[in-house]
Amino acid sequence: QVQVVESGGGSVQPGGSLRLSCVASGTIFSIYTMGWYRQAPGKERELVAIINRGDVADYADSVKGRFTISRDNAKNTAFLQMNSLKPEDTAVYYCKVAARTGLLSGVPDFWGQGTQVTVSS
């Protein structure tokens with residue numbers, strides 16, 4: 001029904017920057033929220049940032065002041081600008097889209113396959 005594709009991951013040095021992109025496609029009636037989550041080996045998946053239809057964003061304390069989430073509603077796209085990256089930011093980053101696929105549908109979550117972010121010297 002809805003496909004979610006992330007891109008922009010890679011390997012950078014501490015203090016570097018990356019910009020992740022998330023594009024949703026398919027039978028989309030409306031998107032409620034788009035969020036970024038991450039999961040490091042041996043750890044639970046955690047919320048990094050999320051943004052709603054009114055462009056109100058929420059961030060994990062560990063990334064406040066360094067990461068910025070934004071969205072382009074016309075293109076069903078979300079971005080995560082990551083600055084001042086630290087080794088502890090290393091993880092697979094996943095995009096989650098909460099979307100209605102029809103007038104009578106609920107608002108299920110759709111996940112992308114993830115993109116690897118590695119921060120090391």
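**A loop aspartate in its setting**

A: The protein contains eleven strands and zero helices. The model is a predicted one. Along the sequence, the order of elements reads β-β-β-β-β-β-β-β-β-β-β. The radius of gyration is 14 Å, close to the 14 Å that the globule rule gives for 121 residues, so the protein is as compact as a globular protein of that length. The C-alpha trace spans about 50 × 25 × 25 Å along its principal axes.

Of the contacts with a separation of 6 or more, 55% join residues 24 or more positions apart. Of the 121 residues, 41% are buried. The accessible surface amounts to about 6,200 Å², and carbon and sulfur atoms account for 50% of that surface. As for charge, there are 12 positive and 10 negative side chains, with 4 Å between the centres of the two sets.

Is aspartate 89 buried or exposed? Its relative accessibility is 1%, and because the limit for burial is under 20%, aspartate 89 counts as buried.

Which residues surround this side chain? With residues up to four places away in sequence set aside, aspartate 89 touches Arg38, Arg66, Phe67, Ser84, Val117 and Val119. With one of these neighbours there is a polar contact: the side chains of aspartate 89 and arginine 66 are joined at 2.8 Å.

Threonine 115 belongs to strand S11 (residues 115-119). Among its contacts beyond four places in sequence are Ala91, Val92 and Tyr93, together with Glu6, Gly8, Gly9 and Leu20. With Gly9 there is also a polar approach, in which a polar atom of the threonine 115 side chain lies 3.3 Å from the backbone nitrogen of glycine 9. At 12% relative accessibility, threonine 115 counts as buried.

Aspartate 109 is part of strand S10 (residues 109-111), and at 42% relative accessibility it counts as partly exposed. Beyond its sequence neighbours up to four places away, aspartate 109 touches Lys96, Val97 and Ala98. Its C-alpha atom is 9.3 Å from that of valine 2, although 107 residues separate the pair along the chain. Aspartate 55 occupies the loop between strand S5 (46-52) and strand S6 (57-59). Here phi is near 65°, a positive value in a residue other than glycine. With a relative accessibility of 49%, aspartate 55 counts as partly exposed.

A positive phi also occurs at asparagine 76, where the angle is about 50° although the residue is not a glycine. Asparagine 76 sits in the loop between strand S7 (67-72) and strand S8 (77-82). At 24% relative accessibility, asparagine 76 counts as partly exposed.

Note on methods
Residues are numbered from 1 along each chain as its sequence is written. This is a predicted model: local features need pLDDT of at least 70, side-chain atom pairs count only at pLDDT 80 or more; totals for chains, interfaces and linings use all residues. Side-chain values use heavy atoms; hydrogens and water are left out. Helices (H or I, at least four residues) and strands (E, at least two) are DSSP runs, numbered from the N terminus. The radius of gyration is taken over C-alpha atoms; the globule rule is 2.2 Å times the number of residues to the power 0.38. Buried means under 20% relative accessible area, exposed over 50%, partly exposed in between (1.4 Å probe, protein chains only). Contact means heavy atoms within 4.5 Å. Accessible areas come from the Shrake-Rupley method with a 1.4 Å probe; for residues, only the protein chains shown count as cover. Lys and Arg count as positive and Asp and Glu as negative; His and the chain ends are not counted. The place of a charge is taken as NZ of Lys, CZ of Arg, CG of Asp or CD of Glu. A polar contact is a pair of N or O atoms within 3.5 Å; within protein, one must be able to donate a hydrogen and the other to accept it, and residues adjacent in sequence count only if both atoms are side-chain atoms.
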